[in-house]
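Here is my note on the side-chain contacts in this model. Please read the points with the structure open.

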Amino acid sequence: MTEEGRPTGLQYEDVVKAATSSGTVEFEGRQVRVVGLQERSGLFELPSQRITLDLGEEYLALTCYLNDDEFMETSRDHPFEDAR
């Protein structure tokens, strides 16, 4: 089972460090704060991570898997979009 993902430019070590220290990473040309990193796995799905980013004006949640040390995005959503 192989999922197609697109490169995020986010490196595992940078995201983990930012998530544990409320730090930032560069994402799509700007500095964003990492507010969450959660490992996800289920009985019928590949192991993946959910990275929640604070873009300033909104939050973005990426579902990713690791390819070497880079996160590959499989989906994204705006978790608090309905709260506006």
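1. Salt bridges come first. This is a predicted model, and seven salt bridges are found in it.

2. Start with Arg6 and Glu28. Their side chains form a salt bridge, with the closest N and O atoms 3.7 Å apart. That falls inside the cut-off of 4 Å. Arg6 sits in strand β1 (residues 6-11), while Glu28 sits in the loop between β2 (24-27) and β3 (30-42). The two are 22 residues apart in sequence, so the pair ties together separate parts of the chain.

3. Glu28 has another partner. Arg76 also forms a salt bridge with Glu28, and here the closest N and O atoms are 2.8 Å apart.

4. The cut-off for exposed is over 50%. Arg6 is partly exposed at 43%. Arg76 is partly exposed too, with 33% relative accessibility.

5. These contacts belong to a network. Salt bridges link Arg6, Glu28, Glu73 and Arg76. When you inspect Glu28, view it together with the other members of that network, including Glu73.

6. Next, Glu57 and Arg30. Their side chains meet in a salt bridge at 3.6 Å, N to O. Glu57 is in the loop between β4 (45-54) and β5 (59-67), and Arg30 is in strand β3. They are 27 residues apart, and the pair links distant parts of the chain. Glu57 counts as exposed at 55% relative accessibility. Arg30 counts as partly exposed at 35%.

7. Now the aromatic rings. The structure holds one aromatic pair. It is made by Tyr12 and Phe71, whose ring centres are 6.1 Å apart. Stacked or tilted? The planes stand at 40°, so the pair is tilted. Stacked would need planes under 30 degrees apart, and edge-to-face over 60.

8. Where do the two rings come from? Tyr12 lies in helix α1 (residues 12-21) and Phe71 in strand β6 (residues 70-77). They are 59 residues apart in sequence, so the pair ties a helix to a strand. Phe71 is buried, with a relative accessible area of 0%. Tyr12 is partly exposed, at 37%.

Methods: Residues numbered from 1 in each chain as written. Predicted model: local features only at pLDDT ≥ 70, side-chain atom pairs only at ≥ 80, totals over all residues. Heavy atoms only, no water. Phe/Tyr/Trp six-rings, centres within 6.5 Å; stacked < 30°, edge-to-face > 60°. Helix = DSSP H or I, 4+ residues; strand = E, 2+ residues; numbered from the N terminus. Buried < 20%, exposed > 50% of the residue type's maximum accessible area, 1.4 Å probe, protein only.
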